[in-house]
Amino acid sequence: MHDKVFKTMKLIILNDYDQVGEWAAKYIRNKIINFNPGPDRFFILGLPTGIPRNHPESYHSFMWNNLFKHIDIKSENTHILDGNAANLVEECDSFEKEIKAAGGIDLFVGGIGPDGHIAFNEPGSSLLSRTRVKTLAQDTILANARFFDGDLSKVPTMALTVGVATVMDAREVMILITGVHKAFALYKAIEEGVNHMWTVSAFQQHPQTVFVCDEDATLELRVKTVKYFRGMMHVHNKLVDPLPPK
């Protein structure tokens, strides 16, 4: 009965960006602890994209600096798409095979763009897409310019990204959405139908999706929608309570 109750879409509404980050971190912590990983039992945390690993703004650099070097994980247990691979198509195909060989993704964590793209699955991407090389939309390039000193010439125009179907295969998906500039995307994600022009909307059909947002991101939602999910927070906050010692 407990599993059936929680196999549904959840919208977690918090006050600000910092609270979104803290809630998400605690949720991931509890998921890993409950999974009880060991030497031959791995918790697979999915991440979305890859640009050349030696770039300071690559996912490889970001994840090492912000997560991997702070936790107990062996480097050989991190698998990030390599934008430096000699054959990018083979790199993407190999990544899909590695996911299957590992038993699939337990929890995929990602954000969205103002146009509702998940990972780099831009508007119009197939909802059946797999890990591949993707040309970035101009809006995405502009949005990422802040990570490259505002110089558009330095922003990659292509990236390696998991596909929508790759993420849909994960046992659970957590999407982080913050800021008023993403409010319309959140509206499209949960209050309208599935649409490949707003790829994040595909996760309405996932059996276990958690959207985590701040107050600003709810500004385009219906009042009754916000009221309903705020009324569920006493239940959802139990998901991030400290776990009792085993």
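**View 1. Helix H7 is mostly covered by the rest of the chain.** In this predicted model, seven of the eight residues of helix H7 (residues 183-190) are buried, where buried means under 20% relative accessible area with a 1.4 Å probe, counting protein chains only, and helices are DSSP runs of H or I with at least four residues, strands runs of E with at least two, numbered from the N terminus. Among the buried residues are Leu186, Tyr187 and Lys188. The buried residues of H7 pack against strand S1 (10-14), strand S7 (173-177), strand S8 and helix H8 (223-230), a contact being heavy atoms within 4.5 Å.

**View 2. Confidence is lowest in helix H1 and highest in strand S8.** The pLDDT, which is the predictor's confidence in each residue from 0 to 100, has a mean of 44 in H1 (residues 2-6) and 98 in S8 (residues 209-214). Over residues 1-6 the pLDDT stays under 50, and the model has three contacts beyond four places in sequence for them. Where pLDDT is low, the predicted coordinates should not be read in detail.

**Notes.** Residues are numbered from 1 along each chain as its sequence is written, and side-chain values use heavy atoms, leaving out hydrogens and water. Local features need pLDDT of at least 70 and side-chain atom pairs count only at pLDDT 80 or more, whereas totals for chains, interfaces and linings use all residues.

Note on methods:
Buried < 20%, exposed > 50% of the residue type's maximum accessible area, 1.4 Å probe, protein only.
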